[in-house]
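This report looks at aromatic rings, how they pair and what surrounds them. Please keep the sequence and the structure in view while reading.

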Amino acid sequence: MTSRYRSSEAHQALNSLSPRRRTVVKAAAATAVLAGPLAATLPARAADQAPAFLHGVASGDPLPDGVLLWTRVTPVPEALPGSGVGPDTEVTWTVARDKAFTSIVAKGSTTATAASDHTVKADIRGLAPATDYWFRFSAGGTDSPAARTRTAPAADAAVAGLRFGVVSCANWEAGYFSAYRHLAARNDLDAWLHLGDYIYEYKSGEYAARGTVVRPHAPANEILTLADYRIRHAKYKTDPDLQALHLKAPVIAIWDDHEFADNAWSGGAVNHTEGAEGTWTARQAAAKQAYFEWMPVRPAVAGTTYRRLRFGKLADLSLLDLRSFRSQQASTASGSVDDPNRTITGRAQLDWLKANLSASDTRWRLVGNSVMISPFSFGSLSADLFKPLAKLLGLPQEGIAANTDQWDGYTDDRRELLDHLRSNAIGNTVFLTGDIHMAWANDVPVDAGTYPLSASAATEFVVTSVTSDNLDDIVKVPEGTVSAVAAPVIKAANRHVHWVDTDRHGYGVLDITADRTQMDYYVLSDRTNANATSAWVRSYRTRSGTQKIERTYDPV
């Protein structure tokens, strides 16, 4: 393996906005109705195998002394995801220093049950910091694939470098997950960050690739119930490229709206009709339960993904939950974007984040952020571009100059956070963002209206979507056509924006040293081609102490 923590310690042991409403599936008919979708979550070759590890294995949330391991066992053929059936099954886990498992350092067992959809988590402790490990699960004489994971450096370690893959917005029906395959092939990642929309909730055909379904997901209906959300997670976990990346490095994930429903907020979602689709309380609870069952995420606070990880003295990472506590997006009915009584974080989370940033003694303060914090004005885009851009962002298509689903819709929270950074002289804060299906490199100004005369309080790297439609897809023109026109207009209206690419799909690689944090942006040749190639297109960095973005011309 290529060395990732370059330190003295490292050398030790190593949307359309208006979806149509549906009727809730009757529980009495669930078994018959779901038989097809349940089977679709399994590889056809494995339908008669039991027990089996058909959904891969994964690790996540690395600590200096441990990591969270995950799998899902299919004990008998009828124990399909979301079915609620199947016997209790003992699953053992083994952790070793080598892929051949000749140097075993930890071993244990747990019971997989239908109550948790036969998913398994093992929170392993007692490991060495900044070290590669291999792990696998076993059940009934069957071994899972062997996977690599890596612990974080010791809290006081003088870490010379970190490298993370960065992704968001992976819509199954819109294409293949080649971004995951290319990240898995690198062999140099300490971990990878998934910044939200790991799954999508829509019914089949409602949100695809320029309106065309590249590959159908399961279940075919919009997901509403616990069984639905389990089946959809299971379908995603059959993707070979996603499985490959989970085999190579631990994931650090947060959710955004589509793990629930489009434009979710604490009391509902645009893509939810109260009553006809059950209650939002029940739907949100089902989505959260399935997420925590199927994802290697270790909550610090029950029912939310906000938490903090540390990587030696080089960086800490505050991960946000911007859906569970937010007020409804601003509209005529719900109030102004500047209303101080409206929040995107909730009071407790914002206080927690401010305290983290104040107390941090690392060189870099990273913030895993599901929606863009930098202000954004459309400028003088022509109507033929403004309307599809508003559609992409889920906005009214007439007369609005803010995306009210991101921090622009909650300006009082943003002001308070940026004022906190400035008044406490907290530097080297970098927001890492997904959601918007475009790539951006931004300064985060205290006052966008007077920038660049006003200060920049932080910087922000935004990654584009893995597959979900971006602007050229909505307009249905050749890739690059829209960006060539829209990017200069957006930059002219937003002087803090150094770069925006509205058209391409891909991923990022974040490289961190004491001197700078750099994002390399990669794009895919064709999201609808399972063998899509990858190419580097741009790199931007922020130098320590500057709170400014600058272009650099070589990827790491």
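## A buried tyrosine pair

Tyr-200 is buried, with a relative accessible area of 2%, where buried stands for under 20% relative accessible area, exposed for over 50% and partly exposed for anything in between (1.4 Å probe, protein chains only). Tyr-207 also counts as buried, at 6% relative accessibility.

## Basis of the values

The model is predicted, so that local features need pLDDT of at least 70 and side-chain atom pairs count only at pLDDT 80 or more, whereas totals for chains, interfaces and linings use all residues. Residues are numbered from 1 along each chain as its sequence is written, and side-chain values use heavy atoms, leaving out hydrogens and water.

## Aromatic pairs

Rings of Phe, Tyr and Trp (its six-membered ring) pair if their centres lie within 6.5 Å, and planes under 30 degrees apart count as stacked, over 60 as edge-to-face and the rest as tilted. The count by this rule is 20 aromatic pairs. Trp-172 and Phe-177 are edge-to-face, because their ring centres are 6.0 Å apart and their planes stand at 85°. Tyr-200 and Tyr-207 form a tilted pair, with 5.6 Å from centre to centre and 35° between the planes.

## The cluster and a charge

One aromatic cluster is formed by Trp-172, Phe-177, Tyr-180, Trp-192 and Tyr-236. Within it, Trp-172 is buried at a relative accessible area of 6%, and Phe-177 is buried at 0%.

The charged end of Arg-215 sits over the ring of Trp-172, 3.7 Å from its centre, and over the ring of Phe-177, 4.7 Å from its centre; the criterion is NZ of Lys or CZ of Arg within 6 Å of the ring centre and within 35 degrees of the ring normal.
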